Amino acid sequence: MSRAKSKISLLFVFLVMFGLCSGCVGIDKGLLNIIADASGVKDETSISAVSEDTEQDEEQDTEQENTGANETGPEISNKTRIINLIQDLESSSQETRLAAAAELGDIGVPAADALIEKLGDEGSEPGNVNSYILLALLETGDERAADVLIQSLGEGEELSGQNEAEEYEGREISEEMLQAVETKDAAMKEYIADSLDDEYGTEAETLVQALNAEEQNADVYITIALSGYGDPGTEDETETETEKLIRALKSENGYTRTAAVMALGELEERTAVDLLLQKLTQDYPLIRTGAALSLGMIGDERASETLLKEMKSSGDEYIRSSAAIALGKIGTERAVPFLTGRLRDGKADVRSSAALALGMIGDETAVEPLIEVLESGKAADGRVKSVLNANPEVRKSAVLALGEIGSKDATGALIDVLVDEEESQEVRKIAAESLGKIGDPWTVETLAGVLNEEEAHTSVTGGVISALGDIEDRKAAETLIEQLDDEKFESPVRDALAGMGETAVEPLIECLSGGDEALKTEATLLLIEIGDERAVEPLIKAFR
């Protein structure tokens, strides 16, 4: 601001303080001239500028007054309240979300307008948040809720059980089984890494780190394998990366060959199968173990016969174990009788790998031998028939395999494991999950009994809840609903009921009219999440 304007502004403030402008809507130019004379300012431009600024301020004040003329204070406050409550529906706190839904319901139609608009927004939150928006809309009792609910349920994704299966070489393998196999592979790579470290020391440091890495990276193996490839300036530019890796398999350096073997496996390079089979039978044990691992990753049936021979006759436990896992990944059915024979191997790790392989193949002829593993490893009269079969890893693998095969013939043996408090908690948990995969309704009562044990370990009850969610049976759904008010279980129970899909719909609908408001709210959210149109009319009736 100029010095002239500053003088005028200060004098103007002075006049206002003494009431000379009191009650004036504006200030005319004559008065500005008086102020200018008093301040010694004669510049017309400065006077005009102050006059224009004053007029603009008056226009803005008038506009602000007119803007609020059509909205009363309470209306503005109510809109703000609705906006804030809708934001609360996105809170991470269940208590906050439910309180916001109830309060929006009390507001009624104005809240319903905002909720419907929120659902229609392209940027609106999916899934869980929309469930709370729909709950709040139902709470308002707005007549449009039925149509909105039908439309929203129609847009929902179909839900399935808790234990999702994944495609693996054309077969469905559970996530739990794949994780167990990945753990085996990681243990094999750790063995290879430790052996390389002992043999080569710092020279193989980068490869040791790559083998122990949580995330396996083919590029790292490729770089190591090709780092000493050829002499500078003599590389064949027409040679492909795979051809270079195949040449690296012939290196005199053991860790270079190991890196090449691992790289070809990570790349799932089928053209390298024959050469990897040579490494499996003709190199030293460290690289033979790596070759078995890589052949399993590639998954080519051509490798089955040689892998079978190595599993049956190799004197190295790591080769036998990695060959067994490779056969399971490939899915070689003719390997089943030989794998069941390896359930009696002298090394616990090989027995465990053989059990996992049998589970991946899924042949029911393996059920009896796997049950025998569980029974012979269980203490009777203070004695264990087979110490190796008492090993927790062996038992865990056998239980996983029985669940993967899915035969009801295994139900009794798995129940025995589940209710045996002397079993490890992890094995009991997996036994429960395996019962869920088999899906026999006869097991619901036993599962419910374990769930109600006061001292049951949380990992075991977690497995039981997951199992009940996988069993397509009304009684299983009712058992889970009974646990909705238990703070220990509420989150996994909700997930299990939502995953049951249509099996849980009728029992949840019955909860809408039972008089328990908290249960009604939980059932409403679950029915919205499941998205079955049978729930629309009961939901509207419950909130009318």
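**Exercise 1. Find which residues S376 is in contact with, leaving aside its neighbours within four places in sequence.**

Solution. Step 1: contact means heavy atoms within 4.5 Å. Step 3: S376 itself is placed in helix α20, residues 367-376; helices (H or I, at least four residues) and strands (E, at least two) are DSSP runs, numbered from the N terminus. Step 4: the side chains of S376 and N389 are joined by a polar contact of 2.8 Å. A polar contact is a pair of N or O atoms within 3.5 Å; within protein, one must be able to donate a hydrogen and the other to accept it, and residues adjacent in sequence count only if both atoms are side-chain atoms. Step 5: S376 counts as buried because its relative accessibility is 4%. Buried means under 20% relative accessible area, exposed over 50%, and partly exposed in between (1.4 Å probe, protein chains only).

The model is predicted: local features need pLDDT of at least 70, side-chain atom pairs count only at pLDDT 80 or more, and totals for chains, interfaces and linings use all residues. Residues are numbered from 1 along each chain as its sequence is written, and side-chain values use heavy atoms, with hydrogens and water left out.

**Exercise 2. State where pLDDT stays under 50.**

Solution. Step 1: pLDDT is the predictor's confidence in each residue, from 0 to 100. Step 2: the protein averages a pLDDT of 85, and 80% of the residues score at least 70. Step 3: the value stays under 50 over residues 1-27, for which the model has 31 contacts beyond four places in sequence. Step 4: it also stays under 50 over residues 158-162, with twelve such contacts. Step 5: where pLDDT is low, the predicted coordinates should not be read in detail.

**Exercise 3. Describe helix α25 and name what covers its buried residues.**

Solution. Step 1: α25 spans residues 458-470, which is 13 residues. Step 2: from first C-alpha to last it reaches 18 Å, close to the 18 Å expected at 1.5 Å a residue; the expected span is 1.5 Å times one less than the number of residues. Step 3: ten of the 13 residues are buried, among them V464, A467 and L468. Step 4: the cover includes α22 (411-419), α23 (425-438), α24 (444-451), α26 (474-481) and α27 (490-500).

**Exercise 4. Identify the residues with the most contacts inside the largest nonpolar core.**

Solution. Step 1: a nonpolar core is a set of buried Ala, Val, Leu, Ile, Met, Phe, Trp, Tyr and Cys residues joined through side-chain atoms within 4.5 Å. Step 2: the largest has 154 residues, and L104, L196, L307, L370 and L497 have the most contacts inside it. Step 3: helix α9 (residues 175-200) gives the most to this core, with ten residues. Step 4: beyond four places in sequence, L370 is in contact with L343, A355, L358, A398, A401, L402 and I405. Step 5: L307 is one of the buried residues of helix α16 (residues 304-313), and the buried residues of α16 pack against α14 (273-282), α15 (285-298), α17 (317-330) and α18 (336-341).

**Exercise 5. Decide whether V505 and E268 are buried, partly exposed or exposed.**

Solution. Step 1: V505, in helix α28 (residues 505-510), is buried, at 0% relative accessibility. Step 2: V505 touches L527, I530, D532 and R534, not counting residues up to four places away in sequence. Step 3: the C-alpha atoms of V505 and R534, 29 residues apart along the chain, are separated by 7.9 Å. Step 4: E268, found in the loop between α13 (254-266) and α14, is partly exposed because its relative accessible area is 49%. Step 5: E268 has a positive phi of about 55 degrees although it is not a glycine.
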